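Colleague: I am new to this structure and would like to go through it with you. Could you take my questions in turn?

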Amino acid sequence: MTQARKAITSALTLPAAGASAATSYLFQGTFAMPYTASDGGWKPSSPTGLPQHVSALWQGLAGTAGHRPYTASFTAQGEIYFLRPGHLVRYSIDKGQVESDPGAKPENTFKLAPEFLNNLSAAMDANGGVYLFSGTDYAFCRLSTGKPQKTGKLSAPGLSHVDAALWPKGSTTGFLFCGESYATCTADADGTLKTGSTTHPIAGTWPTPPLGRPRMVALLSSSNTREDGLATIVHTDIDLSTDTHPAQPATTPSWGGGSSGPRGSIAVGPDGWHAYMISGDAKLFAMDLRKATKAPDAVIRAVRIADYMKAGGRIETDYAALSPLGTTLWVTDQYYEKTKPAHVIRVADVSAIDTANPTVKEIDPQARTSGITFSPNGEHVFVIHWQGNDDGKDDGVLEIDAAERTIIRDYKAKNLGGGIAVSRDSSQIYTQAGAGATKILKINTRVDPPTVTTPVSIPVWRLAMTPDRERICMPASHDSAVIILHIKDDTTITVKIPDAETPHSVAIDPNGRYAYVTDALKTAVWIIDLDTEKCTGSIAIDQKDAKGRGFFQIGLGWDWT
């Protein structure tokens, strides 16, 4: 794999607010490591111990700053500004939403030469204004006018350019980052910057800075219905911190290890390396994707969930969902007998999975359950339930309070299947439906009674929502294609998958740029560029034990290198 130059790509500081200490962020493309002010220094404060994707830190950024890397960022007047050449986003901290127009550009805010803005490399708020950097050139501007008050060129040993910059509120010095080092700076009243005479290692002030790169790891479950269906883990050279993509992604040798049971359901945690597979025979495999090349070392623990059931029950599941913070895994059950009732939704606490087996609690909706997903904020869970009646009149979608584990509402719809997705504000629920999964239903939850329409009338399988919650990708197995539904106007695009036989599942990278498609009969993964909505290639995967079968589900994680 090609090693990228080690450097952070942007930085910013949020001032202390109430009981919260000041927070600084060091970025690696679309990922950021948060730090809190502590004893005169900075202490890592990521709950995963690793950089987090920006859409997890600022949810409303999904599809904007979460879509492509930003080269500069700063805070002003209660907003965070994210900039790159040709694009600017203003994000309200209090409202938790994007305030700028989609077409906003740096040149609309800052009156600087095009060559300067086209090579914009860093920014920081300080001295009552904003400093913008292009190489070693800088411009000091007032945000109210955008006009430069002072321009200059930096000159300091070891500071060949500025990758990122920040000036903590109340500090007498700012920090200019270059490669793996930083230099301090001060500012005169007129805005002139003066740098220190030496540079310092970033890690000495900001421990564990994000100088590496998150390389994509794919976890796939076998479509083999045998009990010895294998999990396959593949490391690639795809850098998830950027919006670029190798024409032909390289992979390390794949590992098929441990019995996953037939047709495992997959979930990957927000740290990118805690991964879970629920096999169809009720076994939970917790895995460490960073150790995937070391055969069975990747399995942290394996627990049969059926052991937690009451006597007389059993489990048949293809569906699971992990909470946004990665602390609870919700598993549904398609098997149910009134004479031997099973508690068919299980909530496994996996917050301490590295050191202990999960504790499991049960919710009984008195019905079979299948597809399951969380609302974007993680407060609600949506679960498809079905009775198996010929007319499907008792089917519906349950809305569950995730914290209280109580059912809030049942949205009725007929003949539901397994795929499910929810819009950004949870006002629209999309579900697979029809005998043989021949259509997609849209349930409007904001009217009483809820209305049900049919935006898609083609046989499709599992649903994958883009991070900005604006599109849904659905494999159309009978058409060797993926259907992309634009939920704004319910229009669809059909993306043909060359050489595919039975497209079966889709996963979308955290930036919302690429979708990855599996085939139930082939051991390959196809790549769809969601900017162009075209298939751009495939990843060939050597799975010697596939026994002529392909992949049932796919989950995407990453390993920092």
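The questions below go from the whole chain to single residues.

Modeller: This is a predicted model, in which local features need pLDDT of at least 70, side-chain atom pairs count only at pLDDT 80 or more, and totals for chains, interfaces and linings use all residues. Residues are numbered from 1 along each chain as its sequence is written, and side-chain values use heavy atoms, with hydrogens and water left out.

Colleague: How many helices and strands are there in the protein?

Modeller: Helices (H or I, at least four residues) and strands (E, at least two) are DSSP runs, numbered from the N terminus. On that basis the protein has four helices and 46 strands.

Colleague: What share of the residues counts as buried?

Modeller: Buried means under 20% relative accessible area, exposed over 50%, and partly exposed in between, with a 1.4 Å probe and protein chains only. The protein has 561 residues, and the buried share of them is 57%.

Colleague: Is the pair of Phe-74 and Tyr-81 stacked or edge-to-face?

Modeller: Rings of Phe, Tyr and Trp (its six-membered ring) pair if their centres lie within 6.5 Å; planes under 30 degrees apart count as stacked, over 60 as edge-to-face and the rest as tilted. The structure holds 17 aromatic pairs. For Phe-74 and Tyr-81 the centres are 4.7 Å apart with 10° between the planes, and the pair is stacked.

Colleague: Why is the pair of Tyr-131 and Phe-140 tilted?

Modeller: Tyr-131 is buried at 0% relative accessible area, and Phe-140 is buried at 1%. Their ring centres are 4.6 Å apart and the planes stand at 35°, so the pair is tilted.

Colleague: Which residue lies over the face of Tyr-70?

Modeller: Tyr-70 belongs to one aromatic cluster with Tyr-25, Phe-27, Trp-58 and Phe-82. A charge sits over a ring if NZ of Lys or CZ of Arg is within 6 Å of the ring centre and within 35 degrees of the ring normal. At 4.3 Å from the ring centre of Tyr-70, the residue over its face is Arg-84.

Colleague: Which residue has its charged end over the ring of Trp-273?

Modeller: The same definition of a charge over a ring applies here. The distance to the ring centre of Trp-273 is 3.5 Å, and the residue is Arg-290.

Colleague: Where does Gly-396 lie, and what separates its C-alpha atom from that of Asp-410?

Modeller: Gly-396 lies in strand E32 (residues 396-401) and counts as buried at 0% relative accessibility. Contact means heavy atoms within 4.5 Å; beyond neighbours within four places in sequence, the contacts of Gly-396 include Val-383, His-385, Asp-410 and Leu-416. Gly-396 and Asp-410 are 14 residues apart along the chain, and their C-alpha atoms are separated by 6.3 Å.

Colleague: Which peptide bond is cis, with omega near 0°?

Modeller: Most peptide bonds are trans. Pro-449 lies in the loop between strand E36 (439-444) and strand E37 (451-456). The cis bond runs from Asp-448 to Pro-449.

Colleague: Is Gln-77 buried or exposed?

Modeller: Gln-77 is placed in the loop between strand E6 (72-76) and strand E7 (79-84). Its phi is near 55°, a positive value in a residue other than glycine. With a relative accessible area of 73%, Gln-77 is exposed.

Colleague: What is the phi of Asn-415?

Modeller: Asn-415 lies in the loop between strand E33 (406-412) and strand E34 (416-422), and counts as partly exposed at 31% relative accessibility. Although Asn-415 is not a glycine, its phi is positive, at about 55°.
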